[in-house]
Every structure is written in C-alpha cells, then in structure tokens.
Amino acid sequence: MGDSVVVKGKVVENFSDTEVSNITETNIIASGKPLPGFALVTSAQVNTEAYEGVLVRVENAQCTNAAAGFGMFEINDGSGPCKTDDDIYAYVPTNGVYYNVSGPVYYSYSEFKILPRFAADATYRDWETDRKSTRLNSSHEFVSRMPSSA
C-alpha cells in the first residue's frame, strides 16, 4: 500500500465494471506514499457513476434496511438511499441506527454500493453519549456539557 503506479493497457467495460485489460506495462513511480483521503458525499451521490471506484464517506446516515439481501444493508442520510456490501468486510448493522460509512464505490448487479474495508469504515453514531454530553440552549443550538479547558 502507498505505491504510486502507472499502468498502460486498454480500458474496457466488463459486465458494467470498468477495468484495465491487456496490460502492457506497469511501473512503480513512488513508494511509501500516504493513502488518499475519502470524498465526503451524500448517500444519493453514491448511486452515480461519477463515484464508481472512488473512496467515499457518507456521514450520519440511518440504516433503513439491515437485511437488504446478499450481505448488503441500506443507509440514507436524507438525500436518498444507498447500499453497502460485505464483499471486503462483513458488518452487521441495526435498523434505525445512524452510521458513518466509508469505502470504495463498486457497481455490480445494476447497483452502486459502498464496500467497507475494515471495522473503522462502518462506525455508528452513539446518540446516547451525545445526549449526555450536550444540551439545547434557548436558541435550540447544541451546547456542550463538557467542562471547558480554560
């Protein structure tokens, strides 16, 4: 991981999956590079070809279907639903819980989906902890209950 490479070959669609075939040359041009960050997107944006193959993150998205079939679950941040799949890392979500989900966007069986890579790619929002550490002020804004460091 962390290699920057140049690959020469032919870009083709294989069962709606964009890939490089007939590779004629591969060169590592740098090693030990930091991994790229994710693109912060809405759950609806995951369902577009623009993000196919891109490392994305959807934040504060509610699990709306924990058993969407074939190892998938569905999340929605209010912009529209998207699916996540267990092709790389299996995660068992809970309906109604809010999650932050990261991973590359993959397209298969006519659906775009996020593929979490490890446990840190599918984290839940702990609303109980948030409730205990925050309160609403008279303007209905969140104010921390945590002691200030001053």
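**Group meeting talk: a walk through the predicted model**

Let's start with Glu-111, which counts as partly exposed because its relative accessibility is 25%. For that scale, buried means under 20% relative accessible area, exposed means over 50%, and partly exposed is in between, using a 1.4 Å probe and protein chains only. Before I go on, this is a predicted model, where local features need pLDDT of at least 70, side-chain atom pairs count only at pLDDT 80 or more, and totals for chains, interfaces and linings use all residues. Residues are numbered from 1 along each chain as its sequence is written, and side-chain values use heavy atoms, with hydrogens and water left out.

So, what does Glu-111 form with Lys-113? That would be a salt bridge, with the closest N and O atoms 3.9 Å apart. The term stands for a side-chain nitrogen of Lys or Arg within 4 Å of a carboxyl oxygen of Asp or Glu. As a general point, side chains of opposite charge can pair when their charged atoms come close. Lys-113 has a relative accessible area of 2%, so it is buried.

Strands here are DSSP runs of E with at least two residues, helices are runs of H or I with at least four, and both are numbered from the N terminus. By the salt-bridge rule, the count comes to 6.

Let's step back to the overall layout. The protein chain has 1 helix and 11 strands, and from the N terminus the order is β-β-β-β-β-β-β-β-β-α-β-β. Of its 150 residues, 26% count as buried.

Now for the inside. How many residues does the largest nonpolar core have? It has 15, and Val-46, Val-56, Val-58, Ile-75 and Ile-114 have the most contacts inside it. Strand 4, strand 5, strand 7 (98-108) and strand 8 (111-114) each give two or more residues to this core. By nonpolar core I mean a set of buried Ala, Val, Leu, Ile, Met, Phe, Trp, Tyr and Cys residues joined through side-chain atoms within 4.5 Å.

Leaving aside neighbours within four places in sequence, Val-56 is in contact (heavy atoms within 4.5 Å) with several residues, including Val-46, Ser-102 and Ile-114. Ser-102 belongs to strand 7 and is buried because its relative accessibility is 3%.

Arg-57 forms a salt bridge with Glu-59, the closest N and O atoms being 2.9 Å apart. Glu-59 is partly exposed, with a relative accessible area of 33%.

Finally, the outside. Is Phe-70 buried or exposed? Phe-70 is exposed, with a relative accessible area of 80%, and it lies in the loop between strand 4 (55-69) and strand 5 (72-76). Not counting residues up to four places away in sequence, Phe-70 touches Asp-85 and Asp-86. Over in strand 2 we find Ile-28, which counts as exposed at 53% relative accessibility.
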